Structure formats: C-alpha cells, structure tokens
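Please have the sequence and the model open as you read.

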Amino acid sequence: MQTIIFQTLGGLGLFIFGMRLMSDGLKKVAGKKLRAVLSAVSSNRVIACATGTLVTSAVQSSSATTVMLVGFVDAGLMTLTQAVGVVLGANIGTTVTAQLIAFNISNYALPLIALGVLLRFFFGSRTWQQWGEVLLGFGILFFGLSTMKAGLAPLKGEPSFVTFLTRFQAQDLSEILLCVLAGAALTMAVQSSSATVGITMALASQGLLSFEGSVAMILGENIGTTITAQLASIGSNVNARQTAMAHTLF
C-alpha cells in the first residue's frame, strides 16, 4: 500500500509540476501578446468567445485567463459583456488539456523531457529556452500521468477500495450528486481542474471508475476550478465580481 500511495502522489506531483512548468513557459513565450489580445477584445460575443478559447488553449489554464479578466474588468480595461464572452471561451479552451491526456502519448514523455532540457539549458536564445521549458513541462506532465496510472493499477485487486469507489458510479441521482461534489471539493483543494481531470482519467483507465461516474466527477471539477476567480474578485468592483460569478454559473 505504501508503494501505491507514494507512486500515485509522486505521479500527481510530477503531473501538476509539469503542467505549471508548461503553462509558465507558454506565458513567457506569448504573455504580453495574450494580455494585449485580451484587453483589445471587441464587443462581438463570438470573437470574444473564440479569443478566450485560443488564449486558454495556449496558457493551459482557465484560472489564469479568468483571473486576468477579473483584473481587466476591475481596472476598466474591459466591459462585463466582453469579459463574459471570453469566460465562455476560456471554459472551452481548458478542455484541451484533457484531450491531450486522452491521446495517451506517454511513450514520448522521456524524449520530450530530454529535448526540453537540451533547449532550456544548452541554448543561448531566450526564445529557445522558453520553448524548452514548454517541452520539459509537457514531458514531465505525461511522465507523471503514466507514474500515477502505474501506482493506481494494483488497486483493482483491493476489494475495500473497489467497494469504496462503487459509491462513485453515478447509477442514481444521489450518486451523481456525490460524484459532482467530490470532484468540486477535490479541485478546490488542488486548485487545478486539469490535475483532477487527470486523476479521474487515470482511475477510469484502470477500470476503477465507470464512464458515468467519471463524467459526473468532471462536471464537479469544472465547478471547483471557479473558486480561483472568486478569490481573485474579493475586494474588486461590482463588474469584476459579476465576471467571476458568471464563470461559476457557467
């Protein structure tokens, strides 16, 4: 059991670290441009939504996008209408992380780490170093996911754990609500829906969670991630708080 716990938590740690490293690298590559794009969004809701989708796909964090939006609205750089359109897009863009995980390219994790280290530490160009950071984070993310999956695999033979997870199979309304609440609570604790979606997908890949239970948990995880924007809106003006609330309501 100790090996399972250490391997699972270690894999989760690598996953979160890799995701943050990749996100930070992407922000360094295009951070100023992203801020300029966000602050210049037109009142056209379709364009605003598309902008939110693209920006969040790039930075791999809907929380980062929505926190920036709350700040822009509070500073008067964007209207509430513009911000809500971008929020809708941000919630679409954040699903790119889950789709990347689903492609199951863990076999390429170590080559990506090697290439990332080469670019990050052995190239003089700042741009190449930043792209190296992106690739390094990407590789660590998938290496962490494969480690987490390997750690969870033996639990299929643990009757007590399987019995516990039968509560999260979403066969009736009470179980569906339990899954949603569990997903939301987990994301509020970890502060990353991408990380908790990764955990859910790892459990599902090992046959420990049903499809219905996984979907219900992911719904909760997408609710839980909105706590970051709510925290960012504390002390801001009415429009900024309404932007955060729109994110939560969506």
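## H5 against H10

Helix H5 covers residues 95-102 and helix H10 covers residues 193-205; their axes come within 9 Å and cross at roughly 30°. An angle under 35 degrees counts as roughly parallel, so H5 is roughly parallel to H10. The model is a predicted one. The crossing of H5 past H10 is right-handed.

Which residues meet here? From H5 come Thr97, Ala98, Ile101 and Ala102. They meet Ser194, Val197, Gly198 and Met201 of H10. By class, this contact of H5 with H10 holds five nonpolar residues, three polar ones and no charged ones.

## H4 against H13

Helix H4 (residues 80-93) packs with helix H13 (residues 238-249). Their axes come within 9 Å, and the crossing angle is roughly 25°. That angle makes H4 roughly parallel to H13. H4 passes H13 in a right-handed crossing.

On the H4 side, the contact uses Leu80, Ala83, Val84, Val87 and Asn91. On the H13 side, it uses Asn239, Gln242, Thr243, Ala246 and His247. The classes in the contact of H4 with H13 are five nonpolar, five polar and no charged residues.

## H3 against H13

H13 also packs with H3: the two axes come within 8 Å and cross at roughly 155°. Are the two helices parallel or antiparallel? Angles over 145 degrees count as roughly antiparallel, so H3 and H13 are roughly antiparallel to each other. H3 passes H13 in a right-handed crossing.

H3 brings Thr66, Leu69, Val70, Val73 and Asp74 to the contact. H13 brings Asn239, Ala240, Thr243, Ala244 and His247. By class, the contact of H3 with H13 has five nonpolar, four polar and one charged residue.

How much space lies in the second largest pocket? The volume is about 250 Å³. Its lining has 18 residues. Arg20, Ser61, Ser63, Gln191 and Ser192 lie nearest the centre of the pocket.

Helices H1 (2-39), H3 (62-74) and H10 each supply at least two residues of this lining. H1 gives the largest share, with five residues. The lining divides into three nonpolar, 12 polar and three charged residues.

## Links between the parts

Two of the helices described above return at the pocket. H3 packs with H13, and H3 also supplies at least two lining residues. H10 packs with H5, and H10 likewise supplies at least two lining residues.

Note on methods
Residues numbered from 1 in each chain as written. Predicted model: local features only at pLDDT ≥ 70, side-chain atom pairs only at ≥ 80, totals over all residues. Heavy atoms only, no water. Axes fitted to C-alpha atoms, helices over the stretch in contact; angles between N-to-C directions. Helix = DSSP H or I, 4+ residues; strand = E, 2+ residues; numbered from the N terminus. Parallel < 35°, antiparallel > 145°, perpendicular 65-115°, else oblique. Left-handed = near helix turned anticlockwise from the far one by under 90°. Contact = heavy atoms within 4.5 Å. Nonpolar A, V, L, I, M, F, W, Y, C, P; charged D, E, K, R; others polar. 1 Å grid on protein atoms, 1.4 Å probe; cavity = no way out; pocket = protein on both sides within 12 Å on 5 of 7 lines; lining within 4 Å. Points joined across faces, edges and corners; volume = space filled by probe spheres on them.
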